[in-house]
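Student: Could we go through this model together? I would like to begin with how the copies meet.

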Protein chains: 4
Amino acid sequence: MPGSTYGKLFTFTTWGESHGKALGVVVDGCPAGLPLCEEDVQAFLDRRKPGQSRYATKRAEDDAVEILSGVFDGFTTGTPISMVVFNKDQRSRDYSEIASCYRPGHADYGFDVKYGFRDYRGGGRSSGRETIGRVAAGAVAMKILAALGIEVHAYAEEIGGIRCETVDLSLCGENPFYMPDPAAAERVREAAEKRMAEQDSMGGIIACQVKNMPAGIGEPVFEKLDANLSRALFSIGAVKGVEIGDGFAAARSSGGRNNDPFLPPDREGGPLKKASNHAGGILGGLSDGSDILIRAAVKPTPSIAKEQKTVTREGRPITISIKGRHDPMIVPRAVVVVEAMTAVTLVDMLFVGMTARMESVCRFFGRDRAVPGRAEESGKP
Amino acid sequence: MPGSTYGKLFTFTTWGESHGKALGVVVDGCPAGLPLCEEDVQAFLDRRKPGQSRYATKRAEDDAVEILSGVFDGFTTGTPISMVVFNKDQRSRDYSEIASCYRPGHADYGFDVKYGFRDYRGGGRSSGRETIGRVAAGAVAMKILAALGIEVHAYAEEIGGIRCETVDLSLCGENPFYMPDPAAAERVREAAEKRMAEQDSMGGIIACQVKNMPAGIGEPVFEKLDANLSRALFSIGAVKGVEIGDGFAAARSSGGRNNDPFLPPDREGGPLKKASNHAGGILGGLSDGSDILIRAAVKPTPSIAKEQKTVTREGRPITISIKGRHDPMIVPRAVVVVEAMTAVTLVDMLFVGMTARMESVCRFFGRDRAVPGRAEESGKP
Amino acid sequence: MPGSTYGKLFTFTTWGESHGKALGVVVDGCPAGLPLCEEDVQAFLDRRKPGQSRYATKRAEDDAVEILSGVFDGFTTGTPISMVVFNKDQRSRDYSEIASCYRPGHADYGFDVKYGFRDYRGGGRSSGRETIGRVAAGAVAMKILAALGIEVHAYAEEIGGIRCETVDLSLCGENPFYMPDPAAAERVREAAEKRMAEQDSMGGIIACQVKNMPAGIGEPVFEKLDANLSRALFSIGAVKGVEIGDGFAAARSSGGRNNDPFLPPDREGGPLKKASNHAGGILGGLSDGSDILIRAAVKPTPSIAKEQKTVTREGRPITISIKGRHDPMIVPRAVVVVEAMTAVTLVDMLFVGMTARMESVCRFFGRDRAVPGRAEESGKP
Amino acid sequence: MPGSTYGKLFTFTTWGESHGKALGVVVDGCPAGLPLCEEDVQAFLDRRKPGQSRYATKRAEDDAVEILSGVFDGFTTGTPISMVVFNKDQRSRDYSEIASCYRPGHADYGFDVKYGFRDYRGGGRSSGRETIGRVAAGAVAMKILAALGIEVHAYAEEIGGIRCETVDLSLCGENPFYMPDPAAAERVREAAEKRMAEQDSMGGIIACQVKNMPAGIGEPVFEKLDANLSRALFSIGAVKGVEIGDGFAAARSSGGRNNDPFLPPDREGGPLKKASNHAGGILGGLSDGSDILIRAAVKPTPSIAKEQKTVTREGRPITISIKGRHDPMIVPRAVVVVEAMTAVTLVDMLFVGMTARMESVCRFFGRDRAVPGRAEESGKP
């Protein structure tokens with residue numbers, strides 16, 4: 001089943017395995033005329049590159065992207081943008097253990113049941129390296145959003161139970177955890193050293209803010225903006241929970257406290273404001289003009305050196321210790337993936353919403369006065 | 001944009017507004033030969049019917065379903081199943097206040113920005129009555145799942161911050177909150193009386209268990225089983241968070257504690273078991289053969305009689321008190337909707353997974369020996 | 001499999017069987033603010049209504065349409081438009097023959113193999129009555145096209161081998177065959193009487209012109225405008241061939257004769273003209289600004305009273321004579337169906353093409369100057 | 001808009017331009033366990049390779065395919081298969097003429113209107129080289145069909161008005177036109193020499209037979225098998241008409257002659273035969289078990305050296321003569337493309353049809369007796 005394509009109008013298809021020849025993505029539906037070059041994409045890929053700190057896998061990959069199609073004279077042409085990253089460090093090692101048993105916390109067993117066998121080298125298709133394609137597509141989406149004045153910022157809100165108390169987005173790049181609170185980052189560093197010494201791993205929470213989002217984006221029923229964002233984040237391996245705005249805390253609030261009062265616009269006819277934002281910028285599946293706030297819970301890295309009980313492919317109990325170059329925590333490198341998946345979803349929903357009003361459709365096709373404004377014709381409010 | 005259709009192979013399209021002539025659904029992709037009658041569907045609709053307790057809206061609706069197509073001689077024919085519920089109690093009332101201002105916690109403002117105007121009667125398309133179509137489709141999906149031996153059970157796990165401490169699913173129907181713990185239900189009753197006296201409302205958490213789920217269902221990348229379940233639940237109005245298994249708690253665990261050890265099968269070649277189920281039955285987007293456990297956070301009903309500040313369509317501040325027949329809590333009536341959305345998603349994912357293996361495809365088309373088993377040909381494990 | 005939904009952004013789902021309770025359609029993705037009432041739709045349905053001449057089935061149906069949702073105060077709201085036609089003349093008759101054997105030229109055998117059984121009453125889902133939903137959806141699409149200044153006109157170009165020699169669209173309604181050439185219509189009348197006396201049936205060709213089509217609509221690869229129009233027409237029962245422009249005759253031409261020379265525009269910056277239109281208004285899958293001309297070959301009605309050899313469900317040879325109220329020719333009543341399927345396809349393709357240029361997307365979202373025009377930035381033509 | 005992806009369950013996405021770095025395809029939804037190697041794919045690509053006769057472009061390309069993902073140990077893994085062909089002969093030449101004017105018979109003008117500019121080198125995305133990706137995907141589909149016992153054979157039925165009078169598929173490879181009738185091929189050779197001397201080009205008709213097709217494949221309404229095949233063929237550049245079985249000739253027949261009588265099966269319970277096959281193996285959108293016969297009309301190559309009138313991008317009239325390495329006829333190299341598009345469509349429709357019967361679904365999931373056979377329960381035939 002074609003589960004490797006994402007999106008309706010702005011789509012992308014990722015392909016590639018952890019230890020195959022290459023990984024890549026085909027972005028289809030990017031409008032023509034967007035300035036785009038490999039550096040634009042590389043900047044995003046560098047944020048998820050391995051080997052950047054002692055809290056990430058040591059695998060040595062440049063992850064240098066090459067654009068093979070869809071760009072001409074520095075601009076997108078409206079045709080598919082094919083981007084590829086060749087795998088370099090496919091270290092030759094012994095996969096017999098991982099091939100012959102089911103690692104706890106991994107999809108090995110599911111793959112074997114589903115497909116009859118699996119590419120067991122480094123996790124194959126369910127490797128975190130699959131996100132290379134997502135991030136490359138996200139880089140394109142971020143350029144489109146930038147042209148529309150919309151910003152997306154993800155960051156590590158919590159790691160190993162240690163939460164940020166302040167949020168200064170400009171500080172994220174200054175610590176290896178992508179946390180906007182240096183004090184929290186320092187505490188995470190200490191906790192991480194301890195956890196790594198125990199040959200164990202940590203989880204955490206990634207938050208993502210969207211600024212300058214226009215109101216009315218999203219579709220009222222199944223294609224709610226939050227429903228699609230949730231699916232986008234849950235499609236990232238290791239995500240076990242998603243919430244919008246107050247999320248689970250809203251379930252314990254009351255209507256009187258949880259409802260956000262609307263405020264008059266700054267200028268006549270301008271967008272409304274809200275006195276609070278418990279809703280996280282989305283009401284009834286449509287953006288309400290406030291900042292969107294979404295959060296993903298990321299489980300601890302399942303690959304740990306600590307001994308674990310499991311069974312072989314034949315069902316015999318064994319004890320394993322997972323060797324190799326694994327991240328002691330997934331969160332820092334997944335921040336840019338959350339940003340990418342949020343960006344591609346927003347672009348897609350902005351595009352699919354363009355036909356919501358007959359009036360705008362007529363104007364788009366140069367028929368400004370062809371359809372009488374609804375109000376005029378009906379004489380109703 | 002066509003946001004009213006759900007699913008890939010087992011699909012359904014809902015239509016209708018709160019105060020229009022009727023609401024309904026067209027289920028397309030139901031296999032032929034499934035026994036189906038109106039009573040099958042009615043049983044599910046009755047669980048979301050208004051007016052069943054003092055903790056639900058008093059709107060008087062039978063919500064009697066009529067099947068207009070797709071069933072012949074008591075069996076589905078493989079063609080679209082059109083089901084309709086005519087609205088009866090479209091009480092003539094004054095909608096001028098709701099038409100002229102934006103209710104906090106509702107999508108009114110988003111609708112106006114998006115479409116230029118809205119059907120303001122009772123929430124129009126964003127009314128909870130839209131879920132009639134979902135529940136009817138869910139009833140069909142539940143029959144398919146039953147034929148495959150799969151069970152889906154949703155229940156209220158928490159209301160107004162009061163959690164169930166025991167789970168006896170057989171007791172859900174004995175209290176108006178659909179809680180599996182009578183003691184918790186009793187405490188919710190007291191809390192609800194108090195909240196209603198304050199003209200305010202309550203939120204809660206709905207849990208859903210899936211039993212006898214085969215392993216290997218779901219697709220590895222964007223169509224992960226949990227990603228699609230999450231989108232399914234987030235598409236229900238008022239849901240603000242979703243988690244699978246330990247969810248947000250997993251983010252605070254360690255790999256060593258959060259990983260579920262696999263256990264040998266009961267019989268040779270049988271499905272594996274797990275020693276724990278922190279994963280909630282899904283790993284890497286594929287079912288792992290354990291029970292699926294998913295949870296949705298539901299916000300408090302936004303329509304409250306208590307006075308609230310907001311603005312008019314022209315942006316002028318006003319104070320409103322929402323009259324009408326509103327549920328003081330959404331959770332009890334949403335339980336069957338969560339069950340329905342889970343069921344339709346499972347059926348769709350089961351169907352799309354049928355082409356995962358060449359061997360099964362060949363067997364399906366009666367070519368048992370046409371393709372050599374992979375193992376034999378390659379001589380590899 | 002969900003084969004009853006058509007379209008990507010402007011979609012519709014048809015449902016219903018020939019002798020079920022009702023037939024209908026759900027149109028999803030119609031922009032808000034389009035004036036729409038039942039009369040708009042009825043006018044189109046009346047063109048395919050049975051019983052209008054002695055060259056059409058005598059089944060007595062009003063085919064009165066009811067709009068159940070999606071319209072408020074006379075305007076579409078942007079939410080699904082559910083339209084229904086209740087079957088009235090479900091004459092109680094004996095279906096034992098048709099139930100027990102396979103009619104030549106019909107899908108009976110395919111249905112039985114596919115689904116295990118079939119609703120044999122009047123053809124069930126493969127009845128021409130299924131097109132009621134298409135025509136209702138087409139009526140909505142025609143209103144959208146009209147607002148954009150685009151016209152669609154289908155007509156009978158040939159029946160029983162007799163071709164129109166002149167095309168005056170205003171004359172189509174004056175003969176029961178929907179032919180734009182009265183002389184040809186007269187000859188068809190004579191031929192039809194003869195064929196009916198032989199208890200046999202006639203086929204023909206339906207042509208469809210699209211006027212004022214903007215250039216650049218369609219997508220270059222799989223979603224070519226002609227590819228989608230072709231699928232639209234082939235999805236109408238009884239269509240066995242489709243051609244665009246010169247079609248099969250182009251295969252016998254040469255490049256020098258078949259290429260249409262471009263001509264200068266009427267005014268500077270205006271759309272180009274072509275000196276001829278062998279291409280039928282579509283080049284490389286994109287509209288070229290000339291009128292679109294498409295043609296569908298319709299087979300003779302397979303239900304004939306004449307004796308035919310076939311087999312029973314058990315495979316025993318028999319001779320049958322199909323009784324009942326069958327059209328001696330399908331073409332006249334299918335003209336409006338061709339028009340409808342063309343219209344819905346055009347609307348969908350117009351909508352999906354709205355994101356082709358970054359410049360237009362930015363302008364749509366009010367960011368006129370955010371993205372530098374491609375030409376300026378690159379300094380290239 | 002994402003028009004570069006084809007299919008629902010067996011999907012593929014093509015990318016690349018005539019003179020870009022590379023062209024390729026991502027096949028998603030191929031079942032796991034299919035033996036696949038580069039040679040399998042190369043054999044098909046070689047059939048469309050340029051430079052194989054004096055009746056094809058002289059461009060020197062190996063078109064050597066590389067598989068970058070989705071295959072492990074010689075078998076498909078169920079994950080996306082990425083295949084790439086690097087462009088070698090991107091001869092540096094002067095594109096100023098083609099960049100500055102609109103070639104008759106080409107999509108240049110449509111591209112400019114749609115996207116604001118175009119990659120004018122060798123036709124960019126609308127080049128015939130785009131079909132490399134289709135043929136590679138088709139090679140995979142052909143292997144799946146072979147495993148199911150289904151054969152697809154396309155051939156040139158007519159070129160320049162010269163038709164084959166005999167069809168011996170084994171002879172197609174022996175002439176440069178891929179014609180199954182050597183005498184016709186010889187006449188085409190003479191006609192081609194003459195046409196080339198005139199600096200002009202030829203069109204023709206490609207036929208495609210499908211043998212051993214099971215009955216009941218296709219969906220009754222919009223996803224009719226013939227509708228999807230038609231779209232598949234019309235999506236190939238230069239196709240201007242498609243017909244199934246007797247096609248346009250059926251429009252001139254009568255029901256009595258055009259209906260194919262069913263014949264008893266060879267063995268009890270075996271598939272039915274038909275006494276004739278005017279229908280081309282498809283009735284009501286479902287395969288009827290006879291051979292499928294489909295035909296595509298291909299226009300003459302629009303790029304000709306002969307002088308033609310057209311206009312510049314600014315709308316000024318000019319005369320052009322198209323230089324370069326163009327095929328004097330498209331048909332021979334398009335034969336394998338027709339075969340590929342037919343194959344991918346058949347695989348997709350076979351897959352989507354797998355959920356048609358509850359009974360088969362239950363059996364697939366190992367629940368043979370869970371659902372009572374329809375007949376037993378209802379007591380009806």
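**Copies and their contacts**

Tutor: The copies meet through the same surface, because 100% of the interface residues of chain D are also interface residues in chain A; contact here means heavy atoms within 4.5 Å.

Student: Before we continue, what are the ground rules?

Tutor: This is a predicted model, in which local features need pLDDT of at least 70 and side-chain atom pairs count only at pLDDT 80 or more, while totals for chains, interfaces and linings use all residues. Residues are numbered from 1 along each chain as its sequence is written, chains are lettered from A and ligands numbered from 1 in the order in which they are written, and side-chain values use heavy atoms, with hydrogens and water left out.

Student: Which rotation superposes chain D on chain A?

Tutor: A rotation of 180 degrees, with 0.0 Å of shift along its axis, brings chain D onto chain A at an RMSD of 0.0 Å. Superposition is by least squares on the C-alpha atoms of residues with pLDDT of at least 70 in both copies.

Student: And what superposes chain A on chain B?

Tutor: Chain A is superposed on chain B by a rotation of 180 degrees with 0.0 Å of shift along the axis, and the RMSD is 0.0 Å. These two copies are thus related as by a two-fold rotation axis. The same surface serves both, as 100% of the contact residues of chain A recur in chain B.

Student: Changing topic to helices: at what angle do H1 and H4 of chain C pack?

Tutor: Helix H1 (residues 38-48) and helix H4 (residues 131-147) of chain C pack at about 135 degrees, with their axes 9 Å apart. Helices are DSSP runs of H or I with at least four residues, numbered from the N terminus. Axes are lines fitted to C-alpha atoms over the stretch in contact, and angles run from 0 to 180 degrees between N-to-C directions.

Student: How is that orientation classed?

Tutor: H1(C) and H4(C) are therefore oblique to each other; angles under 35 degrees count as roughly parallel, over 145 as roughly antiparallel, 65 to 115 as roughly perpendicular and the rest as oblique.

Student: Which residues of H1(C) and H4(C) meet?

Tutor: From H1(C), C:Asp40, C:Val41, C:Phe44, C:Leu45 and C:Arg48 meet a set in H4(C) that includes C:Ile132, C:Val135, C:Ala139 and C:Lys143. By class, this contact of H1(C) with H4(C) has eight nonpolar, one polar and three charged residues. Ala, Val, Leu, Ile, Met, Phe, Trp, Tyr, Cys and Pro count as nonpolar, Asp, Glu, Lys and Arg as charged, and the others, Gly among them, as polar.

Student: What about H6 and H8 in chain B?

Tutor: Helix H6 (residues 225-234) and helix H8 (residues 331-352) of chain B pack at about 145 degrees, their axes 9 Å apart. Among the residues that meet are B:Leu225 and B:Asn228 in H6(B), with B:Val338 and B:Met341 in H8(B). The contact of H6(B) with H8(B) has eight nonpolar, three polar and no charged residues.

Student: Finally, which residue forms a salt bridge with B:Glu339?

Tutor: B:Arg47 does, with the closest N and O atoms 3.0 Å apart. B:Arg47 lies in helix H1 and B:Glu339 in helix H8 of chain B, so that the pair links distant parts of the chain, 292 residues apart. A salt bridge is a side-chain nitrogen of Lys or Arg within 4 Å of a carboxyl oxygen of Asp or Glu. The count over all chains comes to 140 salt bridges.

Terms used:
Helix = DSSP H or I, 4+ residues; strand = E, 2+ residues; numbered from the N terminus.
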